[in-house]
Amino acid sequence: HMKNKGKNGYTFYENKMGKRILENAFMVNQIRKAIEKEQFSLHYQPIIDIESNTIYGAEALIRWFHPERGYIPPMDYIPLIEETGQIFDITSLVLQIGFKQKMIWNEKGYSNLKLSLNISSKSLVNRNINDEIEGLLKRYNIKPNEIILEITETSFMDNIDNSINVLTKLEKSGIGISLDDFGTGYSSLAQLKRLPVHNVKMDREFIRTMKRHSEEEVIVKSIIELAHTLGLKITAEGIETEEQKNILLEGRCDYGQGYYLSKPVEASSFEGILLNYKKVTSYE
Ligand code: C2E
Ligand code: MG
Ligand code: MG
Ligand code: MG
């Protein structure tokens, strides 16, 4: 009886694994084709300077529109391709598209606009991303302080010393480093002092449930204070209501993003947003 149970358990496990491997292999192939067919693009979401209500920057967010399957969200494939190595190709693609777009904006007079790019930790440590970025800066005539790299804190855990080395080099060259999804990782506070970051992005989850006089209001205001005490700027993501924006303004949060301000849009629509706001925040 025991033997049977064990055997069934094993078979079940094997089938589940087999199914996952098959699905992953399918996805790897799909992504290879999608790169060839140029199905990946970037959308941009404005990052607003909350106090002056001006545009500080644009966060580039990857978009995959599959001809049959429709829109496929990044969370459905980014974690997988971090394992398969295809993340290198995606990171290169994102850097390429993003820097080129930044050049176009610069030519239209928006060189103050900061471009934020999400960079997976795997790309950070396994490849010489410094050289790649340096090459693109030269090629598109962009200054390092016009670019911000967003890194998630959980990603540091794998290879923290190596990550810090790479990030320190990038930061010394003038590139901004922002800690994304801040508050969701377990060792965030302990690690924060070691990381060469100038900005933290408070995770959307903190803002999502924040109403006037809620516990979240107190927590969010404390996180803002904490960031400022550490000498960091702070960005709130996921602002969906005017009330949330007002609470953040009171709490002296530096920057904000969210559907209330604007959804991520394609590059051509982003120019309309730029024209609607008074001016792009100038460097301090
Ligand atoms: P993230 O960097 O934290 O990006 C914020 C996510 O929140 C984006 O989802 C954005 O569309 C969404 N968002 C913005 N405002 C609101 C709002 O008011 N309400 C709600 N509910 N959502 C809002 P998206 O585009 O699906 O991206 C998810 C994650 O995928 C990103 O989280 C980032 O970690 C990753 N990602 C996106 N683009 C790239 C990329 O080019 N490279 C890498 N490595 N990862 C990327
Ligand atoms: Mg981000
Ligand atoms: Mg985030
Ligand atoms: Mg996130």
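## Ligand contacts and helix packing

A polar side-chain atom of Glu240 lies 2.5 Å from a nitrogen atom of ligand 1, a polar contact in the sense of a pair of N or O atoms within 3.5 Å (within protein, one atom must be able to donate a hydrogen and the other to accept it, and residues adjacent in sequence count only if both atoms are side-chain atoms). The structure is a predicted model, in which local features need pLDDT of at least 70 and side-chain atom pairs count only at pLDDT 80 or more, while totals for chains, interfaces and linings use all residues. Residues are numbered from 1 along each chain as its sequence is written, chains are lettered from A and ligands numbered from 1 in the order in which they are written, and side-chain values use heavy atoms, with hydrogens and water left out.

Ligand 1 is surrounded by 22 residues, of which the closest are Arg63, Asp180, Arg204, Glu240 and Tyr259; a residue is near a molecule if one of its heavy atoms lies within 4 Å of it.

| Side chain | Ligand 1 atom | Distance |
|---|---|---|
| Glu240 | nitrogen | 2.5 Å |
| Glu59 | oxygen | 3.1 Å |
| Glu237 | oxygen | 3.4 Å |

The helices come next; helices are DSSP runs (H or I, at least four residues) numbered from the N terminus. Their axes are lines fitted to C-alpha atoms over the stretch in contact, and angles run from 0 to 180 degrees between N-to-C directions.

Helix H3 (residues 87-107) packs against H5 at an angle of about 25°, with the axes 10 Å apart, and the two helices are therefore roughly parallel, a term for angles under 35 degrees. Their crossing is right-handed, which is to say that the near helix is turned clockwise from the far one by less than a right angle.

H9 passes H10 in a right-handed crossing, and Glu217, Val220, Lys221 and Ile224 in H9 meet Ile247, Leu248 and Glu250 in H10.

Technical notes
Contact = heavy atoms within 4.5 Å. Parallel < 35°, antiparallel > 145°, perpendicular 65-115°, else oblique.
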